[in-house]
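The following exercises concern a predicted model. Each task is followed by a solution in steps.

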Amino acid sequence: MVGRTKPEHLNIEQFGTVRQITITNPRKKNAINLQAYRDLADQINAADRDDSVTVLVLTGAGDFYSSGNDISALLTSEQSMEQRLESSHASLSRMVEAFYSFSKLLVGVINGPAIGIAATTALLCDVLYMEENAYFYTPFSALGLCAEGCSSYTFPKLMGTSKASEMLLLNHRMNAQEALQFNVVAELFKREDFERKLWPRILQYGSLPVGSIKATKQLMKRFDVEKLEQANKAELKALGKRWETEEAMQAIMNFMTRKSKM
């Protein structure tokens with residue numbers, strides 16, 4: 001194992017040709033703030049450029065993969081709302097692009113709940129493995145916001161229009177068994193089997209010829225890159241408008257109040 005420079009909320013490790021990025025913000029259930037957006041983009045792009053990396057693994061520390069966007073950090077910033085949104089959207093756009101532009105094998109190990117932007121970007125990975133009690137949750141309408149992370153394109157393509165609508169419009173919480181049923185994830189694992197069964201398999205992936213992986217990814221064209229770019233831009237534009245509405249502000253405050261009482 002080779003240690004790497006550690007950003008504040010990310011832990012970077014390398015095992016042979018397999019690099020692992022672990023989201024580490026336990027106090028906020030691995031929420032992703034503005035700096036973490038930037039750091040994730042930097043680390044994913046760096047791994048893509050690094051010839052020592054064949055496989056990149058994304059996971060979370062502890063019981064959560066990630067609780068998604070750290071909204072509280074955005075609301076308490078001293079900048080104007082316009083400045084906050086401009087900075088946030090630029091960083092978010094770059095992070096999402098890093099996911100769908102990654103040319104090697106990108107594996108998501110969903111060790112616990114994946115919420116909001118954490119769920120939508122996870123589905124941009126090539127292969128997803130999921131802990132059997134984890135779930136995906138995209139409460140965009142509960143927050144008065146809208147789809148992000150290219151989910152307006154990827155969710156219907158992966159799981160069909162009806163299930164995608166249930167997720168993106170109706171705040172449906174997709175459990176692990178349902179994620180497997182709808183071909184969102186490749187396989188489910190018990191938490192105690194991550195180290196014993198899943199990790200040895202991932203390490204074996206690191207011995208695969210990286211050129212072959214790149215070539216087949218290009219041939220598969222799992223998602224149309226042009227459509228991903230269009231979705232990313234359209235979603236960010238719509239998000240900017242939603243943040244300006246009284247409806248969204250009230251919904252966010254109500255959501256955070258309920259969350260604090262849980």
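**Exercise 1. Determine in which strand Gln14 lies, whether Gln14 is buried or exposed, and which polar contacts its side chain makes.**

Step 1. Gln14 belongs to strand E2, which covers residues 10-15.

Step 2. The relative accessibility of Gln14 is 3%. Because the cut-off for burial is under 20%, Gln14 counts as buried.

Step 3. The side chain of Gln14 reaches a backbone atom, the oxygen of Gly16, at 3.0 Å. The side chains of Gln14 and Arg19 are joined by a polar contact of 2.8 Å. Both distances are to be read against the limit of 3.5 Å for a polar contact.

**Exercise 2. State how many disulfides the model contains, and examine Cys146 and Cys150.**

Step 1. A disulfide requires two cysteine sulfur atoms within 2.5 Å. By this rule the count is zero.

Step 2. For Cys146, the nearest cysteine sulfur is that of Cys150, 12 Å away, and Cys146 is in no disulfide. Likewise, Cys150 is in no disulfide, the nearest cysteine sulfur being that of Cys146 at 12 Å.

Step 3. Cys146 has a relative accessible area of 17% and is buried. Cys150 is also buried, with a value of 0%.

**Exercise 3. Count the cavities of 30 Å³ or more, and describe the lining of the largest cavity.**

Step 1. The count comes to one cavity of 30 Å³ or more. The largest cavity holds about 60 Å³ of space.

Step 2. Its lining consists of Ile21, Ile23, Ile32, Leu40, Leu58, Thr59, Tyr65, Phe99, Ala118 and Thr121.

Step 3. Strand E3 (18-23), strand E4 (55-60) and helix H4 (117-122) are the elements that give two or more residues to this lining.

Step 4. Sorted by class, the lining residues are eight nonpolar, two polar and no charged.

**Exercise 4. Characterise the second largest pocket by volume, lining residues and contributing elements.**

Step 1. About 680 Å³ of space lies in the second largest pocket.

Step 2. The lining of this pocket comprises 31 residues, and those nearest its centre are Phe102, Asp126, Lys217, Gln218 and Arg222.

Step 3. At least two lining residues come from each of helix H3 (81-101), strand E7 (127-131), helix H9 (210-220) and helix H10 (225-243). H9 gives the most, with six residues.

Step 4. The class composition of the lining is 21 nonpolar, four polar and six charged residues.

Note on methods. Residues numbered from 1 in each chain as written. Predicted model: local features only at pLDDT ≥ 70, side-chain atom pairs only at ≥ 80, totals over all residues. Heavy atoms only, no water. Buried < 20%, exposed > 50% of the residue type's maximum accessible area, 1.4 Å probe, protein only. 1 Å grid on protein atoms, 1.4 Å probe; cavity = no way out; pocket = protein on both sides within 12 Å on 5 of 7 lines; lining within 4 Å. Points joined across faces, edges and corners; volume = space filled by probe spheres on them. Helix = DSSP H or I, 4+ residues; strand = E, 2+ residues; numbered from the N terminus. Nonpolar A, V, L, I, M, F, W, Y, C, P; charged D, E, K, R; others polar. Polar contact = N/O pair within 3.5 Å; in protein donor to acceptor, adjacent residues only side chain to side chain.
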